[in-house]
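I opened the structure to look up a few local features. These are my notes.

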Amino acid sequence: ICHLIDIASVAARLWADCIPVSAQEWFAEQIGLDRPSTARWTVFCAAAHDVGKASPAFLRREAFLRPVPHGTVSTVILRDRLAAEPFFIDGDVADRLATVIGGHHGVFPSPAEISRASDERKQIGRGEWQARQAWLLGEIARLTEVDRSSPPNRLSNAGALWLAGFISVADWIGSNNAFFPYAAPHG
């Protein structure tokens, strides 16, 4: 969760300090929300990018012949979670958002990769894994103060590409150990 919070912090600062109001308004139109709600949902999406690391596919890679990449796992988790309680995002919009978020390393997971990952539930995680994934997303939603009663209701192609770039930049900055060192001492 610390990394997700770091990325949320970076995304919030990028939105507030680097994205011109005109671009914020444009993106708000692309997802069908007002500008303040768009800011919170954008930060949430950036923070949620690595929820797939809370999975057997990531933490037990060596146990699988073909481990599913964590971005694809994030997509599968988010497709399920964003369309359900407590987010209730329309299925098509949830799928698009999940794919964009899962593509945070510059390549969107393909439909075939998503399908294969969905079939590999042991890699995504069941039971306690699902509970932890839900907890992570719930905490990120709480910390970013997204209005779950008013989620994004569309995502244009141009908006999807913009969001993918935004998330990638936030992750790139937030993953820099010079700016975000590990909290625990090494050794």
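This is a predicted model: local features need pLDDT of at least 70, side-chain atom pairs count only at pLDDT 80 or more; totals for chains, interfaces and linings use all residues.

Residues are numbered from 1 along each chain as its sequence is written, and side-chain values use heavy atoms, with hydrogens and water left out.

Entry: helix α1. I found that α1 runs over residues 2–18; helices are DSSP runs of H or I, at least four residues, numbered from the N terminus. In α1, I listed L4, I7, A8, V10, A11, L14 and W15 as buried (under 20% relative accessible area; exposed is over 50%, partly exposed in between; 1.4 Å probe, protein chains only). Seen down the axis of α1, the buried residues fall within an arc of 165°, so they line one face of the helix. The arc is taken from the directions from the helix axis to the C-beta atoms. On the other side of α1, I found C2, R13, A16 and D17 exposed. The buried residues of α1 pack against α2 (21–31), α3 (35–47), α9 and α10 (157–174).

Entry: L143. I placed L143 in helix α9 (residues 128–144). L143 counts as partly exposed because its relative accessibility is 43%.

Entry: Q130. I found Q130 in helix α9 too. Q130 is partly exposed, at 29% relative accessible area. Leaving aside neighbours within four places in sequence, Q130 is in contact (heavy atoms within 4.5 Å) with R81, R121 and G125. The C-alpha atoms of Q130 and I77 are 8.5 Å apart, though 53 residues separate them along the chain.

Definitions and conventions
Helices (H or I, at least four residues) and strands (E, at least two) are DSSP runs, numbered from the N terminus. The expected span of a helix is 1.5 Å times one less than its number of residues.
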